[in-house]
Amino acid sequence: MQPIFTLHDFFTRSGAQVRLYHLGRRLAPCSLDELAAFEAQRQPWSMPWQGQARFACIFTMGDADEPLTWFLSLPLDEQGFLMAAPRDAFIQRLLETLGHSVATLGEESRVDNLMKDNPLAFTPSLPLQAMLHARASHDLDRPASEHLELVENYLTGAQDTASESQWQALGLQGLADFATRHDADQAHALAKRLPALPKEVLHSLCYCLEHIELDVELIMSLRARGEKAAREGDIETFCACVRAIGASQDDSVGHWYGELLDDPAACGPDLLAAIAARGWEHLEDAQRLPRYLERLAEQPSVDFTAMVRDLALIPRLRLPLLMQLRDAATNSPVGQRLAHLHR
């Protein structure tokens, strides 16, 4: 049998049934082909997060009924490619645990125990864990959690939004299931209910919706709620709404982001972080990207170098971002930041 050198080798040669999901900038499916190309140094990681390739491996071995889940975080180099040594050490540990034989892969506990004290393991945030469970259950044709029905009734208006006892009973997993499985009619109903949702519900819901592409009506309702929060000085709710629409590719998202970036008073560190974290694709624009960098440079409390380095790891943003830095006027906020670095 050929030796196992990569994670891709392990999953394909073991016969495991596996699904991979990005868990960095956004929850999204990741194909085995993408993993293979990344491990072979043919392409950088498409959704880097803080210098890492973060992803979940959900797989079943042999006749097992329940899948195992690994959360892995592989370090990236300055161009977003794999730094192979930590991955190689993990593969070596994997093979040693299994006795160098894929014949023992049916012993799930031994495979699962690899994640204990593993330097490549990480724990996703609770909303991200809930969204992964919701997405994986949906993709595997498994039922949603028992919490979904209550959340559906609450968010679509079958139960009283003003009832404090009702919203306190909502579970995060139910919100994640709703975000993953809601249809057009439910999106319409939610858009109508959104202005009256308690902040506690809205925040948790937004942290689930930020991984989902939304329809225009819901986008505009989130924008209206966010702008109202901004006028009231509620920056947390404002930024939650900004994040919630980040995965949506409708032009209305880019237009709102553009309007926000045109307003220096709106562009505090929290807003800039929200756009970079969840709405980075809307910075692929000849006007929005330079304006974003300008606003970033104007914030004295922001680590400009760290933020720019993180964005530059995103393959689609790397070249336009580097060109903007190269062409920045010396007396501009960006140019002054760069000059300070060079000193």
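Which helices are included in what covers the buried residues of α12? They include α10, α11 (216-231), α13 (251-261) and α14 (269-278). The model discussed here is predicted.

Helix α12 is mostly covered, with seven of its 10 residues buried. Those buried residues are Thr 237, Phe 238, Cys 239, Ala 240, Cys 241, Val 242 and Ala 244.

One of the helices that cover α12 is α10. Helix α10 takes in residues 199-209 and helix α12 residues 235-244. Their axes come within 8 Å and cross at roughly 30°. Angles under 35 degrees count as roughly parallel, and α10 and α12 are therefore roughly parallel to each other. The crossing in which α10 passes α12 is left-handed.

On the α10 side, the residues in contact are Lys 199, Leu 202, His 203, Cys 206, Tyr 207 and Leu 209. They meet Glu 236, Thr 237, Ala 240, Cys 241, Arg 243 and Ala 244 on the α12 side. By type, the residues of this contact between α10 and α12 divide into seven nonpolar, two polar and three charged. Among the α12 residues that meet α10 are Thr 237, Ala 240, Cys 241 and Ala 244, and these four are also listed as buried.

An α-helix has 3.6 residues a turn, so residues three or four places apart point the same way.

**Helices α15 and α17**

Leu 289, Pro 290 and Leu 293 of α15 meet Pro 320, Leu 321, Gln 324 and Leu 325 of α17. The residues of the contact of α15 with α17 divide into six nonpolar, one polar and no charged.

The table sets out the axis values for the two pairs.

| Helix pair | Axes come within | Crossing angle |
|---|---|---|
| α10 (residues 199-209) and α12 (residues 235-244) | 8 Å | roughly 30° |

Strands of a sheet pair through backbone hydrogen bonds, either parallel or antiparallel.

How many residues of strand β1 (residues 17-23) are buried? Five of its seven residues are, and the strand is mostly covered.

Strand β1 is joined to strand β3 (residues 52-60) by six bridges, and these two strands run antiparallel. In this pairing, Gln 17 stands opposite Thr 60 of β3. Four bridges join β1 to strand β2 (residues 27-30), again in an antiparallel run. His 22 stands opposite Ala 28 in β2, and Leu 23 stands opposite Leu 27 in β2. A hairpin through three residues links β1 to β2.

Conventions:
Residues numbered from 1 in each chain as written. Predicted model: local features only at pLDDT ≥ 70, side-chain atom pairs only at ≥ 80, totals over all residues. Heavy atoms only, no water. Axes fitted to C-alpha atoms, helices over the stretch in contact; angles between N-to-C directions. Parallel < 35°, antiparallel > 145°, perpendicular 65-115°, else oblique. Left-handed = near helix turned anticlockwise from the far one by under 90°. Contact = heavy atoms within 4.5 Å. Nonpolar A, V, L, I, M, F, W, Y, C, P; charged D, E, K, R; others polar. Buried < 20%, exposed > 50% of the residue type's maximum accessible area, 1.4 Å probe, protein only. Pairing = 2+ DSSP bridges.
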